[in-house]
Amino acid sequence: MEDFTTTWNHEELKAYILLYCAHADFNVSKEEKEYIKSRVGEEKYLKIRKEFEEDNDYQQIQKINAAIERFEYSKQEIDEAFHSIKKLFLIDGEMDILEQNLYRGLKHLLKKE
């Protein structure tokens, strides 16, 4: 069984989640990349993007889940994360169906509802 534990800090987890979300519609725009960089910085973005690109979809969601559990985020911290995710999805003016589905799936995963 594979271990999905990471050594990420909060900013690196944020970068990874935002990258995961940016890939929801299989098209990461320049604006989405710039938004992620504005939230976590260029250095963390580049570091996390390299790791993200080496992981498959299953590994990506498992790593996100494991890191969320490790940090034991409060409801307010999770709400703030979803605010950032929604802003990312709306950069191009709308949340398409793939983004909506991912948003709902992450809410289920991260809020444990």
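The structure holds 9 salt bridges, a salt bridge being a side-chain nitrogen of Lys or Arg within 4 Å of a carboxyl oxygen of Asp or Glu. The structure is a predicted model, in which local features need pLDDT of at least 70 and side-chain atom pairs count only at pLDDT 80 or more, while totals for chains, interfaces and linings use all residues. Residues are numbered from 1 along each chain as its sequence is written, and side-chain values use heavy atoms, with hydrogens and water left out.

One of the salt bridges links Lys-37 to Glu-34, with the closest N and O atoms 3.7 Å apart. Lys-37 and Glu-34 are 3 residues apart in helix α2 and are therefore separated by about one helical turn. Glu-34 has a relative accessibility of 40% and so counts as partly exposed (buried means under 20% relative accessible area, exposed over 50%, and partly exposed in between, with a 1.4 Å probe and protein chains only). Lys-37 also meets Glu-42 in a salt bridge, at 3.6 Å from N to O. Glu-42, with a relative accessible area of 44%, is partly exposed. Through shared partners, Glu-34, Lys-37 and Glu-42 are joined into one network of salt bridges. A further salt bridge is formed by Asp-55 and Lys-63, whose closest N and O atoms lie 2.8 Å apart; both of these residues are buried.

Helices (DSSP runs of H or I, at least four residues) are numbered from the N terminus. Helix α1 (residues 10-22) packs with helix α2 (residues 30-40) at an angle of about 170 degrees, and their axes are 10 Å apart. Axes are lines fitted to C-alpha atoms over the stretch in contact, and angles run from 0 to 180 degrees between N-to-C directions. The two helices are therefore roughly antiparallel, a term for angles over 145 degrees. The contact (heavy atoms within 4.5 Å) involves Glu-11, Lys-14, Ala-15, Leu-18, Leu-19 and Ala-22 of α1, together with Glu-32, Tyr-35, Ile-36, Arg-39 and Val-40 of α2.

Most residues other than glycine have a negative phi. Phe-26, although not a glycine, has a positive phi of about 65 degrees. Phe-26 is found in the loop between α1 and α2 and is exposed, with a relative accessible area of 71%. Glu-72, also not a glycine, has a positive phi of about 50 degrees. Glu-72 lies in the loop between α4 (57-71) and α5 (75-89) and is exposed, at 66% relative accessible area.

Conventions:
Angles under 35 degrees count as roughly parallel, over 145 as roughly antiparallel, 65 to 115 as roughly perpendicular and the rest as oblique.
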